[in-house]
Amino acid sequence: MSGLLVLEQLLNGLQFGLMLFLLAAGLTLVFGVMDMINLAHGSLYMVGAFLAAWLVGITGSFVLGVLGAMLLTGLFGMVLESGLLRSLYRRDHLSQVLATYALILILNDGVKMLFGNDLPLSAPAALAGSVQLLPGLNYPAYRLLILGVGLLLALLLYLLVQKTRLGALVRAGASNRDMTLVMGVDIGRLFTLVFGIGAALCAVAGALLGPLLAVQVGMGENILILAFVVVVIGGIGSIRGALIGAVLVGCIDTLGRSLLQHALREVLPPQWASAAGPAFASIAVYVFMAAVLALKPQGLFPVRA
Amino acid sequence: MTQPTRIFKQSLATALATSCLAFAVPLAQAADKVKVGFVSTLSGPSSALGVDIRDGFLLAVKLNGGKLGGLPAEVLVSDDQFKPDVAKQLFEKNIKRDKVDFMTGVVFSNIMLAALPEALDNNTFYISPNAAPSSIAGKDCNPLFFAVSWPNDAYHEAAGQFANTRDLKSVYLVAPNYQAGKDSLAGFKRMYKGQVVGENYTKLGQLDYAAELAEIRAAKPQAVYIFLPGGMGINFIKQYVGAGLGKDTTLLLPGFSADQDVIKPVGEAMAGLFNTAHWSPDFSNPANQKFMAEFQKEYGRIPTLYASQGYDAALLINAAVRDTKGKLEDRAAVRKALQAAKFDSVRGPFKFNTNQYPIQNYYVRVVGNNPNGGGLINKSFGEPILRERGDAYVQDCKMKN
């Protein structure tokens, strides 16, 4: 186990974590600000990936495809919020879970009717190779792009939430919604906007992961579970918590699948290590979540006092 | 599980029997139609396979003028929604209420194993167009169960043999951490004579394989073999090619990870990949030529191997009904006709082993440009990699007759 391999695995974990952050950012705001459990958040990620694949196919440009998918999915999210989800805010969580679960099924089959079961989406040819970061460490160029875009968006989102008036309203809404209403903020419009931004971030994640993962119906459900884990670890409603939680989850997941296996092989007999390693790697993230909840039940960065 | 045996024994014994006629088969009458219960996964993310099996099956019936074995065919198609309990209920309905003569259709082993007792306990034949687990090939073999597809680990055995013939001295194996994953890699290792430098059992449904790819790069194997069904395989192949591993390492795939349903979402990156299967779209036998032409005419897409299996399942039932002259009540005669398998399979030579699993050839295929235009398609090597291969479990099958 060389130091370079550890470094590469850390980069992999960071990259996976940043993509999880793009999903979790929208989810945590919707959950925190609107107190709404939106299971269909993963479906927006799927819609974004399909729109990107479709637009890249039409325009031939990866950048146009990603931007277009971001815009269209954001609009779609806003329409969805104002047309349907708004009426669910005052209902209890069970109704929200039921309605948004139905939405998953509807969107899955809707996408299938429009685009088919899957679409091809490849990385732009210019990014097909790998880049030498250090002697002996070549890293795929496309994954570096994901890292860069993820870091950039995280920074932009942080500035938006911490430094702008809109961000102040969002934070106010997350910590005390009723008080914010009383202060005369049009919280309905704010919610629609926040939901649109969350949907657009989902689309970026879907579009950027598209060349790495299968763009297929149902792709949102798998990743949604991890996004919820991130939200719970980071603290519901906290963007900073979502970022740190996502990077932690990404790194723990990746290192659990690589370094841990090597470590177990050092200390356990081979047949035990080969059985225990994969079993533990698949639950490492959840063990971490349980530990966080035991120590800090509100998550790492609680928003509500 | 004893009832079918009893009826078979008695139907053989009717000529001699003087007593205990309560279960005796009445003098078989020719039926006026054939009823087939077709239960498969037709909705949701995993539906592409079931849809292809259904389309292949119904195409064969249609080309036969809506008949099977000369009798009007009624195919009752229903969707198991990828749920074992739903499949079980649909089997029960088809068998007890609709009184079908044959059941078929299920894609996934776990779903089929949940529903299968409904058919076997009620003396109804099950013709498997896909799932063929090792348990039913061996100790749980059953006179009413016929696999017209391929044993679950056959493709992996063929891939292991291919690695031998290519003189690939070291290989790295990847599969999900569950029973089928371990069984599949065991199939590969049964044939492979080189060195296994790494075995990586990943999470079921894993999305990102960056960590595993880094491990593979560090292990420097000559070849990589994966058993990652569905979306997992698509993810792995895309990332494997994206990471540039394809340049010095050969990626070997089981046929179902390199068929049209994977080629479409992965795209150009599939070109040049080797995989093993019992069927290939370029087979030149007349049955396959007809199937390829008619399927593309009817549905406007290239069939997958699943479609070929659905088509063959219908041809097998057709032959059995034809050769028993429609006397479907006579289960022993129907079984004999099924065992004889007198049909022209799209895969070429085909016969049943004593456990009613296939003995057939397996081929290496390579993904390349479609000579008829329009993207990528599989092309087979002329010589089979495994010839007249059965399975490793047949000796455990004590078939009750």
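Me: Which residue is the bridge partner of Ser40(B) in β3(B)?
Reply: Keep in mind that this is a predicted model. Strand β1 (residues 34-40) of chain B and strand β3 (residues 71-79) of chain B run parallel, joined by 7 bridges. In β3(B), Ser40(B) is bridged to Asp79(B).

Me: And which residue in the hairpin of β2(B) and β3(B) takes a positive phi?
Reply: Here strand β2 (residues 67-68) of chain B pairs with β3(B) in the antiparallel sense, over 2 bridges. Leu68(B) has Leu71(B) as its bridge partner in β3(B). There are 2 residues between the strands, and the one with a positive phi near 60 degrees is Gly69(B).

Me: Let's zoom out: how far apart are the C-alpha centres of the domains of chain B?
Reply: Chain B splits into domain 1 (3-150 + 284-359) and domain 2 (154-277). The distance between the C-alpha centres of domain 1 of chain B and domain 2 of chain B is 32 Å.

Me: What about the contact there, how many residues does domain 2 of chain B put in?
Reply: Domain 1 of chain B gives 7 residues to the contact. Those residues of domain 1 of chain B divide into 4 nonpolar, 3 polar and no charged. From domain 2 of chain B, the contact takes 10 residues.

Me: Which element gives the largest share of the side of chain A that touches chain B?
Reply: In this contact, 33 residues of chain A meet 29 residues of chain B. Several elements of chain A each supply at least two residues, among them α5 (141-163), α9 (219-234) and α12 (270-295). The largest share, 5 residues, comes from α1(A).

Key: Residues are numbered from 1 along each chain as its sequence is written. Chains are lettered from A and ligands numbered from 1 in the order in which they are written. This is a predicted model: local features need pLDDT of at least 70, side-chain atom pairs count only at pLDDT 80 or more; totals for chains, interfaces and linings use all residues. Two residues are in contact if their C-beta atoms, placed from the backbone, lie within 7 Å. Helices (H or I, at least four residues) and strands (E, at least two) are DSSP runs, numbered from the N terminus. Domain bounds come from an automatic or database domain assignment. Ala, Val, Leu, Ile, Met, Phe, Trp, Tyr, Cys and Pro count as nonpolar, Asp, Glu, Lys and Arg as charged, and the others, Gly among them, as polar. Two strands pair if DSSP finds at least two bridges between them.
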